[in-house]
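The exercises below are meant to be worked with the sequence and the three-dimensional view open side by side. Try each task before reading the solution that follows.

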Amino acid sequence: MRLHLVELILFSTYAELRAERARSYLGLLWWIIEPAMNMATYYFVFAVILKSGGPDYIPFLLIGLTLWQWFKSSVSHGGYSIWQQLPLVRQVKLPLQVFPSVQILADTVKFLCILGLLLVVLWSLGYPPNITYIALLPVLLVELIFTAAASYVMAAVVPLVPDLRFVIEQVLQILMLLSGVVFSLDGVPQGLRRWFELNPIVELIDAGRGILMHAQWPNWAALGRVALISLALYALGSLLITRLTPRYVKLPA
Amino acid sequence: MSGPIISMENVGVAFNAQLRVGSPRFWALEDVSLELHRGERLGVVGRNGSGKSTLLRTIAGIITPDRGRLMRAPVSCQLLSLALGFVRHLSGRDNAILSGLMLGLRRREIIRRLPAILDFSELGDFFDQPISSYSTGMLMRLGFSVAMQVEPDVLLIDEVLAVGDSEFQQKSGAALRERIHSGATIVFVSHGDSQVQQVCNRALWIEHGRSVMQGPVDAVLAAYHAAGHAGPADAGR
């Protein structure tokens, strides 16, 4: 039973990526071009126009955006996934965690391509590989769990309250600004800063920048805390999906 | 003599009529009771909107009853679904695998059956083309060929007995009849009498979401017509 679901998730992910390639002329190239255009836009606004970046701004921005985009696209794709598959949900009995999982996996494959490119760019900018790269694995794993958790919770709720679709993008936008993705949170007053650091994304991006730019080991205690919160949220999201499944099929078509 | 593999007692199912806070619920099934034994072929008759399809999806376990009792022995129940989960930009081959996985097959089982699917669907070289290039008839052929690979303990059929153009209709109809009469347990929903007579060995009549009568096919159909429903001269495809 379990193995069958793993096969379904993997093959659906392949199908998703394959279909995406077929939907445009440039196909897979968009995996790279789209985030690159996105990065160029932020660089232009914050570094060229506002002159707000420091000497390290390019790697700072690239790392922040790469880690953020992975979270953001997984949450928005995963969050809509059950809602978009309602016609299928009415026809066949499946654990619905399959649908957000497929979206998260597909976005993770794309993220890994961009990460590979990011590393090459960083090396060419003079930030060579270092021993702390080992810590990248746990950091990315924790981000994956947190991302999956947020996607599951959204995926569970959106079918019942489709209006949330209009809110999600805005919330993600605000969350990005509060997560120190495009500008440093160093300027935030000490009192407020404590609140900012409750945001798991801040912790994860900080850890990523530490490793890739400064050969710094992550703050393990903070990372462990984020991991625990993420696991709890993941369990909650999965439980929500299971509990709410009987209600999805009874929604108006 | 073993007990029923599926039994329902006074089952009711309610849907949300629309996405509004406090909108009333609509009872698609009000009060249905039935028993299904292994090897039985149960025909469900009733008018459009009487709750036949909802009943099938409840038996399949897709819909959970809001009241009453539903008991199911550990058996697999599957709706005969054509083109389940098909993705437009994928080839017929990939869609066959995807759809098979959704229907509960293991990947290696589907791969083993791909030659049979290709053969039965008569798609030839089109099998490796994206299904967006298929005609409706070709899609039906692929969908049917994949659906027939699944062998659940209880097969649930909603109206569809044959698909495609006239030639393929004969072939698909024959394949399905063979499956039905090979000792499988079937629940078959139809408003065509002659089909129920051909296929089933017991019948259930439901009306406005309530089970009115169940028993031998001829007796149930006679009572159904006596209550003023379409006569035996209806269109049997």
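Helices and strands are here DSSP runs, a helix having at least four residues and a strand at least two, and they are numbered from the N terminus. The model is a predicted one.

**Exercise 1. Describe the order of elements in chain A, and decide how the chain compares with a globular protein of its length.**

Step 1. Reading from the N terminus, the elements of chain A follow the order α-α-α-α-α-α-α-α-α-α, which amounts to ten helices and zero strands.

Step 2. The C-alpha trace of chain A spans about 55 × 45 × 35 Å along its principal axes, and 34% of the 253 residues of the chain count as buried.

Step 3. If one takes the contacts in chain A between residues at least 6 apart in sequence, 78% of them join residues at least 24 apart.

**Exercise 2. Work out how the domains of chain B are assigned and how they touch.**

Step 1. The domain assignment of chain B gives domain 1 as 1-76 + 152-237 and domain 2 as 83-151.

Step 2. The centres of domain 1 of chain B and domain 2 of chain B, taken over C-alpha atoms, are 27 Å apart.

Step 3. Each of these domains of chain B brings seven residues to the contact, and on the side of domain 1 of chain B there are four nonpolar, two polar and one charged residues.

**Exercise 3. Describe the side of chain B that touches chain A.**

Step 1. The contact joins 27 residues of chain B to 21 residues of chain A.

Step 2. Strand E1 (6-16) and helix H2 (92-102) of chain B each provide at least two residues of the side that touches chain A, and H2(B) gives the largest share, with five residues.

Step 3. Sorted by class, this side of chain B consists of 16 nonpolar, eight polar and three charged residues.

**Exercise 4. Explain why the buried residues of H7(B) can be said to line one face of the helix.**

Step 1. In helix H7 of chain B, residues 217-226, the residues Val217(B), Val220(B), Leu221(B) and Tyr224(B) are buried.

Step 2. When one looks down the axis of H7(B), its buried residues fall within an arc of 95 degrees, so they line one face of the helix.

Step 3. On the other side of H7(B), Asp218(B), Ala219(B), Ala222(B) and Ala226(B) are exposed.

Step 4. The cover over the buried residues of H7(B) includes strand E3 (41-45), helix H6 (193-199), E8 and E9 of chain B, while Gly228(B), with a positive phi near 95 degrees, follows the helix.

**Exercise 5. Describe the largest nonpolar core and where its residues come from.**

Step 1. In soluble globular proteins, nonpolar side chains tend to be buried together.

Step 2. The largest nonpolar core here has 119 residues, and those with the most contacts inside it are Val44(B), Leu156(B), Val187(B), Phe188(B) and Ala203(B).

Step 3. Helix H3 of chain A, residues 57-84, contributes the most to this core, with twelve residues, and at least three residues come from each of domain 1 and domain 2 of chain B.

Step 4. Not counting residues up to four places away in sequence, Val44(B) touches Lys52(B), Leu55(B), Val187(B), Phe188(B), Val189(B), Leu204(B) and Ile206(B).

Technical notes. Residues are numbered from 1 along each chain as its sequence is written. Chains are lettered from A and ligands numbered from 1 in the order in which they are written. This is a predicted model: local features need pLDDT of at least 70, side-chain atom pairs count only at pLDDT 80 or more; totals for chains, interfaces and linings use all residues. The radius of gyration is taken over C-alpha atoms; the globule rule is 2.2 Å times the number of residues to the power 0.38. A residue is buried if 20 or more other C-beta atoms lie within 10 Å of its own, exposed if 12 or fewer, and partly exposed in between; C-beta atoms are placed from the backbone. Two residues are in contact if their C-beta atoms, placed from the backbone, lie within 7 Å. Domain bounds come from an automatic or database domain assignment. Ala, Val, Leu, Ile, Met, Phe, Trp, Tyr, Cys and Pro count as nonpolar, Asp, Glu, Lys and Arg as charged, and the others, Gly among them, as polar. The arc is that of the directions from the helix axis to the C-beta atoms. A nonpolar core is a set of buried Ala, Val, Leu, Ile, Met, Phe, Trp, Tyr and Cys residues joined through C-beta atoms within 7 Å.
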